[in-house]
2 protein chains.
Amino acid sequence: MVGTKDRIMDSTAELFRRQGYNGTGIKQILAAANAPFGSLYHFFPGGKEDLGAQTIRSSGQLYMELFATIAVQAPDVLTAVSDFFTGAAQTLEETDYADACPIATVALEVASTNEPLREACTEVFDAWIGGASAYFTAAGIAPEKARELALSMLCLLEGAFIFCRAMRSTESLHVAGASAVAAVREALESAA
Amino acid sequence: MVGTKDRIMDSTAELFRRQGYNGTGIKQILAAANAPFGSLYHFFPGGKEDLGAQTIRSSGQLYMELFATIAVQAPDVLTAVSDFFTGAAQTLEETDYADACPIATVALEVASTNEPLREACTEVFDAWIGGASAYFTAAGIAPEKARELALSMLCLLEGAFIFCRAMRSTESLHVAGASAVAAVREALESAA
DNA sequence: GTACAATTAGATAGATCGCTCTAGTGGGTG
DNA sequence: CACCCACTAGAGCGATCTATCTAATTGTAC
């Protein structure tokens with residue numbers, strides 16, 4: 001059986017990615033998690049902000065692991081990048097354009113208004129950039145170039161999420177994916 | 001003298017880009033605009049949503065005009081794209097990482113929760129994509145390729161804004177800008 | 001000057017927000 | 001059995017949210 005704390009965090013993660021931090025109420029989270037009100041402040045003494053910070057870190061890490069899973073299954077780097085964008089597009093369509101990046105909405109909301117949550121987002125993004133950089137470096141790309149490539153790929157992904165969700169179309173995700181694959185291909189050819 | 005309605009919309013635009021839609025209260029907007037409470041529902045009978053829709057369209061168009069202004073002043077296409085990213089990075093630093101995209105935060109917030117506002121964002125994004133596509137087409141790039149280029153550039157820009165604001169660094173904007181310039185250069189060379 | 005519309009002004013309603021509080025339940029341990 | 005601790009349960013507080021309401025004021029055309 002899944003513990004109450006996990007149920008709360010799972011519901012929070014799902015609601016945050018769809019409605020953001022300010023758009024999600026505590027009562028809504030608890031109703032979705034089918035959790036008692038008192039449990040929230042038992043598991044998260046710091047209240048909504050505490051819950052938010054833990055959820056950001058948790059779902060951020062989960063999302064990085066999703067990329068790692070896809071990367072392990074793919075035969076090569078180019079396929080991995082392509083599969084990741086394609087998979088994101090498919091998820092978006094299946095969820096009626098709701099489930100894209102788990103923390104982007106929250107990141108923009110809190111960047112100028114809530115320092116602890118902003119720092120949680122920074123940590124997640126740092127891990128993503130570091131993870132992708134290491135992945136490209138392992139494929140034979142120079143560290144500095146690998147970081148630029150990782151940053152570009154993530155920018156393409158996050159930007160595409162915005163357009164896809166707002167415009168209810170996966171076009172930008174497919175175009176951005178193709179663009180990311182092309183950039184990685186060039187870097188690989190230069191390295192060889 | 002600037003009319004009350006314009007003052008309200010200006011304040012709304014500034015607050016939306018920093019705190020998003022849900023994070024911005026009507027009283028805060030009116031206080032910032034130094035406008036009386038009654039005026040809001042006089043000029044925006046539909047309330048906050050009405051104000052939000054008009055502000056999204058207005059600030060979205062203003063932002064497109066900003067790109068047009070930079071493009072006109074630049075000697076060539078590559079310089080224009082480069083200047084736009086550099087200018088965005090400079091603005092971000094000058095405003096303590098607050099002023100990036102005028103509607104991205106709102107777009108993510110409302111994409112799955114508020115259909116009228118989502119449609120307003122779609123209109124703005126459509127105009128941006130169309131405008132950038134036309135700009136690249138005028139530079140000699142085939143229409144289909146121009147649209148892909150426009151989409152990639154905008155994804156890079158929007159994605160970079162997320163990382164820059166959350167991480168309080170302009171690194172991603174500079175890397176994304178370089179990536180966008182490289183993509184446009186290749187397209188121009190292929191077209192020639 | 002008068003009349004009429006546009007705008008300003010703010011009190012207040014009604015709902016919801018995050019959060020605190022006390023009381024109670026249930027299961028494992030001595 | 002008694003005890004304790006983790007957890008459940010929900011009433012209710014003060015604050016804040018959007019929106020409505022009436023009334024006063026301002027601007028303008030006749």
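**Chain contact, symmetry and DNA-facing surface**

In this predicted model, the contact between the two protein chains draws 39 residues from chain A and 39 residues from chain B. On the side of chain A that touches chain B, the elements contributing two or more residues are α1 (4-19), α6 (104-110), α7 (115-138), α8 (143-167) and α9 (171-191) of chain A. Among these elements, α8(A) gives the most, with 15 residues. Divided by class, the side of chain A that touches chain B comprises 21 nonpolar, 12 polar and six charged residues.

The arrangement of the copies was examined by superposition. Chain A is superposed on chain B by a rotation of 180° with 0.0 Å of shift along the axis, and the RMSD is 0.0 Å; this is the relation of a two-fold axis. The same surface serves both copies, since 100% of the contact residues of chain A recur in chain B. Within chain A, the residue that comes closest to the rotation axis is G159(A), whose C-alpha lies at 2.0 Å.

Considered on its own, chain A contains nine helices and zero strands, and the pattern read along its sequence is α-α-α-α-α-α-α-α-α. The C-alpha atoms of chain A occupy a box of roughly 60 × 35 × 30 Å along the principal axes. Of the 192 residues of chain A, 49% count as buried. Among the contacts in chain A with a separation of 6 or more, 64% are accounted for by residues 24 or more positions apart.

The largest nonpolar core has 131 residues, of which A107(A), C121(A), A107(B) and C121(B) touch the most other members.

The surface near DNA strand D was examined next. Of the 15 residues around DNA strand D, those that come nearest are P36(A), G38(A), S39(A), G25(B) and G47(B). At least two residues of this surface are supplied by each of α3 (37-43) of chain A and α2 (26-33), α3 (37-43) and α4 (47-73) of chain B, and the largest share, four residues, comes from α3(A). By class, the residues of the surface near DNA strand D divide into five nonpolar, seven polar and three charged.

Most residues other than glycine have a negative phi. D96(A), however, has a positive phi of about 60° although it is not a glycine, and Y97(A), likewise a residue other than glycine, has a positive phi near 60°. D96(A) is located in the loop between α5 (77-94) and α6 of chain A, and Y97(A) also lies in the loop between α5 and α6. As to their surroundings, D96(A) counts as exposed because it has 10 C-beta neighbours inside 10 Å, whereas Y97(A), with 21 other C-beta atoms within 10 Å, is buried.

How values were computed
Residues numbered from 1 in each chain as written. Chains lettered and ligands numbered in written order. Predicted model: local features only at pLDDT ≥ 70, side-chain atom pairs only at ≥ 80, totals over all residues. Core = buried A, V, L, I, M, F, W, Y, C linked by C-beta atoms within 7 Å. Buried ≥ 20, exposed ≤ 12 C-beta atoms within 10 Å, placed from the backbone. Contact = placed C-beta atoms within 7 Å. Nonpolar A, V, L, I, M, F, W, Y, C, P; charged D, E, K, R; others polar. Least-squares fit on C-alpha atoms with pLDDT ≥ 70 in both. Near = placed C-beta within 6 Å.
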